[in-house]
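Here are my notes on this model, point by point. Please read them with the structure open.

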Amino acid sequence: MNRLTEEKKIKIGLVCNKIATVLFILFFINTCVIITFNFTIFLILTIVIVALFTICCIVGHKCLKDYKPE
């Protein structure tokens, strides 16, 4: 089985952190700014955004666990 190199882990972790940042902004916009959605769409969007945010945070944390920027 092919193991990920440290360089690839760092790249994946940094990308996951950027995606998590974008998802957090989308969550903020969804909950605080856009209030014209019907309730079902609002709940679905919120659940999807939170699930993706959680996955990105966990993967980013695992990949960057031993990363120390210079």
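1. Start with Val48. This residue lies in helix H2. The model is a predicted one. Val48 has a relative accessibility of 42%, so Val48 counts as partly exposed. The cut-offs behind that label are under 20% for buried and over 50% for exposed.

2. Val48 belongs to a nonpolar surface patch. The patch covers about 570 Å². Which helix gives the largest share of the nonpolar patch? H2 does, with five residues.

3. Now the overall fold. The chain has two helices and zero strands. The radius of gyration is 15 Å, well over the 11 Å that the globule rule gives for 70 residues, so the chain is more spread out than a compact globule. The C-alpha trace spans about 45 × 30 × 15 Å along its principal axes.

4. Next, burial and surface. Of the 70 residues in the chain, 16% are buried. The accessible surface of the chain is about 5900 Å². Carbon and sulfur atoms hold 72% of that surface.

5. Helix H1 runs over residues 6–33 and has 28 residues. From first C-alpha to last, H1 reaches 40 Å. That is close to the 40 Å expected at 1.5 Å a residue.

6. Helix H2 covers 39–63. The 25 residues of H2 should span 36 Å at 1.5 Å a residue, and the end C-alpha atoms are 36 Å apart, which agrees.

7. How do the helices meet? In H1, the buried residues are Gly13, Cys16, Ala20, Leu23 and Asn30. They pack against helix H2. In H2, the buried residues are Thr46, Ile49, Cys56, Gly60 and Cys63. These pack against H1 in turn.

8. Look at Asn30, in helix H1. Is Asn30 buried or exposed? Its relative accessibility is 4%, so Asn30 counts as buried. Set aside neighbours within four places in sequence, and Asn30 is in contact with Phe37, Phe42, Leu45, Thr46 and Ile49. Two of these names, Thr46 and Ile49, are also on the list of buried residues in H2.

9. Thr46 gives the view from the other helix. This residue is found in H2. At 15% relative accessibility, Thr46 counts as buried, because the limit is under 20%. Leaving out residues up to four places away in sequence, Thr46 touches Phe27 and Asn30.

10. Cys63 is also in helix H2. Its relative accessible area is 14%, so Cys63 is buried. Which residues does Cys63 touch, not counting those up to four places away in sequence? They are Lys9, Ile12 and Gly13.

11. Cys63 and Thr46 are 17 residues apart in sequence. Their C-alpha atoms are 26 Å apart in space. Cys63 touches Lys9, Ile12 and Gly13, whereas Thr46 touches Phe27 and Asn30.

12. On charge pairs, a search of the whole structure finds one salt bridge. Glu7 forms it with Lys11, and the closest N and O atoms are 4.0 Å apart. Both residues lie in helix H1, four residues apart, about one turn of the helix. Glu7 is exposed, and Lys11 is exposed too.

13. Last, the segment before H1. Thr5 has its place there. With a relative accessibility of 42%, Thr5 counts as partly exposed. Thr5 and Ile47 are 42 residues apart in sequence. From C-alpha to C-alpha, the two are 33 Å apart in space.

Methods:
Residues are numbered from 1 along each chain as its sequence is written. This is a predicted model: local features need pLDDT of at least 70, side-chain atom pairs count only at pLDDT 80 or more; totals for chains, interfaces and linings use all residues. Side-chain values use heavy atoms; hydrogens and water are left out. The expected span of a helix is 1.5 Å times one less than its number of residues. Buried means under 20% relative accessible area, exposed over 50%, partly exposed in between (1.4 Å probe, protein chains only). Contact means heavy atoms within 4.5 Å. Patches are made of residues with over 30% relative accessible area and no salt bridge: like charges are joined within 9 Å, nonpolar side chains (Val, Leu, Ile, Met, Phe, Trp, Tyr) within 5 Å. Accessible areas come from the Shrake-Rupley method with a 1.4 Å probe; for residues, only the protein chains shown count as cover. A salt bridge is a side-chain nitrogen of Lys or Arg within 4 Å of a carboxyl oxygen of Asp or Glu. The radius of gyration is taken over C-alpha atoms; the globule rule is 2.2 Å times the number of residues to the power 0.38.
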